[in-house]
Amino acid sequence: MDVCYKKLFKLLIDKEMKKTEFRKLVGISEGTLAKLSRNEKVSLDVLVKICRRLNCTFDDIIDIVPENTDNNK
């Protein structure tokens, strides 16, 4: 399974919050923000911090996307 954080970045736009403001508010590193921007996996602790600071749930910030598998090879 892969992850997608489009919902998170849409939420930031709705809150009129820049990524750097978000990073400082949540207390995450630039590297973690970069991982989020590239839809890479981050720790559960990071996701909990984000939800607490933005007063939201996992469903509000992340989608789990099925792996792209091609069984016809």
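Predicted model: local features only at pLDDT ≥ 70, side-chain atom pairs only at ≥ 80, totals over all residues.
Start with the core. Select Y5, L8, F22, L36, I50, L54 and I61: these have the most contacts inside the largest nonpolar core, a set of 20 residues. Next colour α1 (6-14), α2 (19-26), α3 (30-37) and α4 (44-54), the elements that give two or more residues to this core. The largest share, five residues, comes from α4.

Stay on α4 and select L54. Leaving out residues up to four places away in sequence, L54 touches L8, L11, L12, K15, M17, F22 and L25.

Step to N55, in the loop between α4 and α5 (58-61). N55 counts as exposed because its relative accessibility, 71%, is over the 50% cut-off. Draw a distance from the C-alpha atom of N55 to that of R38: the two residues are 17 apart along the chain, and the separation is 23 Å.

Now show the salt bridges, of which the structure holds four.

- R38 pairs with E40, with the closest N and O atoms 2.9 Å apart. E40 is partly exposed, at 30% relative accessible area.
- K10 pairs with D14, at 3.0 Å between the closest N and O atoms. Both lie in helix α1, four residues apart, about one turn of the helix. K10 is partly exposed at 48%.
- R23 pairs with E30, at 4.0 Å between the closest N and O atoms. R23 is buried, at 18%, whereas E30 is exposed, at 58%.

Finish at F9. The charged end of K19 sits over the ring of F9, 4.6 Å from the ring centre. A search for aromatic pairs returns zero.

Key: Residues numbered from 1 in each chain as written. Heavy atoms only, no water. Core = buried A, V, L, I, M, F, W, Y, C linked by side-chain atoms within 4.5 Å. Buried < 20%, exposed > 50% of the residue type's maximum accessible area, 1.4 Å probe, protein only. Contact = heavy atoms within 4.5 Å. Phe/Tyr/Trp six-rings, centres within 6.5 Å; stacked < 30°, edge-to-face > 60°. Lys NZ or Arg CZ within 6 Å of the ring centre and 35° of its normal. Salt bridge = Lys/Arg side-chain N within 4 Å of Asp/Glu carboxyl O.
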